[in-house]
Amino acid sequence: MKLYKYILFDFDGTLIDTNELITLTLNETSLKYLHHSLSTDKLNSILGKPLEEQMKCLSSEHWPSMVEYYKEFYRSHQKALTKEFPQIDIMLQKLKDLGCKNAIVSAKGISGILHGLEHFDYKKYIDYIVSAYDVQNNKPHPEPALKALAHFRAEKKEVLLVGDSPYDILCGKNAGIKTVLVNWTIFPKSQFINFEPDYVINTPLDLLKIVEESS
């Protein structure tokens, strides 16, 4: 019997390519309220955090208005700029064929998650969703991962958390589960040096090898 039965996926930058959309929206929000675009270092420091936290990092004064503008700009551009990573659909189907349960554990709101799932017809592969507003503490706190574990009544040894950010890897480690870093991350590799994910995959199909070879 295979060891890994429950796969917890981050959403943005892991299952769905929203990297261009998110970067553009953050920069446009900064330009409107702070009158400058964001440096690479500043972008990297806030990527992966919940939206309200991102805006508070940018402006303690304007963050409520910035949150609303971000949401409006994001929604108006998401159809054109939300993209599909190659082989994600194949990976999700094969995981289901192997009997795995797939969940999304994200710091994103539920409407954005559902839009991406429906846009690429991924919803049929997902058994459970933990969004930003389903928890009191977002990643890197373990609560999002532990909420998914509780839903599935899964043992920690049966679970993999797959993500593209340091917050994903820390969330998994804080929850006591194995972690997988996707090599298509836009985060600098230097940010992961001290986090030591259990696995690093170059393509979505590499995850299948990990699951199939576990025992």
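Ser165 sits in the loop between β6 (159-163) and α8 (166-175). Helices (H or I, at least four residues) and strands (E, at least two) are DSSP runs, numbered from the N terminus. This is a predicted model: local features need pLDDT of at least 70, side-chain atom pairs count only at pLDDT 80 or more, and totals for chains, interfaces and linings use all residues. Residues are numbered from 1 along each chain as its sequence is written, and side-chain values use heavy atoms, with hydrogens and water left out.

Is Ser165 buried or exposed? Ser165 is buried, with a relative accessible area of 3%. Buried means under 20% relative accessible area (1.4 Å probe, protein chains only), exposed means over 50%, and partly exposed lies in between. Leaving aside residues up to four places away in sequence, Ser165 touches Phe187 and Phe192. Contact means heavy atoms within 4.5 Å.

## Aromatic pairs

The structure holds 10 aromatic pairs. One of them joins Phe85 and Trp184: this pair is tilted, with 6.0 Å centre to centre and 50° between the planes. Phe85 lies in the loop between β3 (83-84) and α5 (88-97), and Trp184 in the loop between β7 (178-182) and β8 (199-201), so the pair ties together parts 99 residues apart in sequence. Both Phe85 and Trp184 are buried.

Rings of Phe, Tyr and Trp (its six-membered ring) pair if their centres lie within 6.5 Å; planes under 30 degrees apart count as stacked, over 60 as edge-to-face and the rest as tilted. Ring pairs also link Tyr6, Tyr128 and Phe152 into a cluster.
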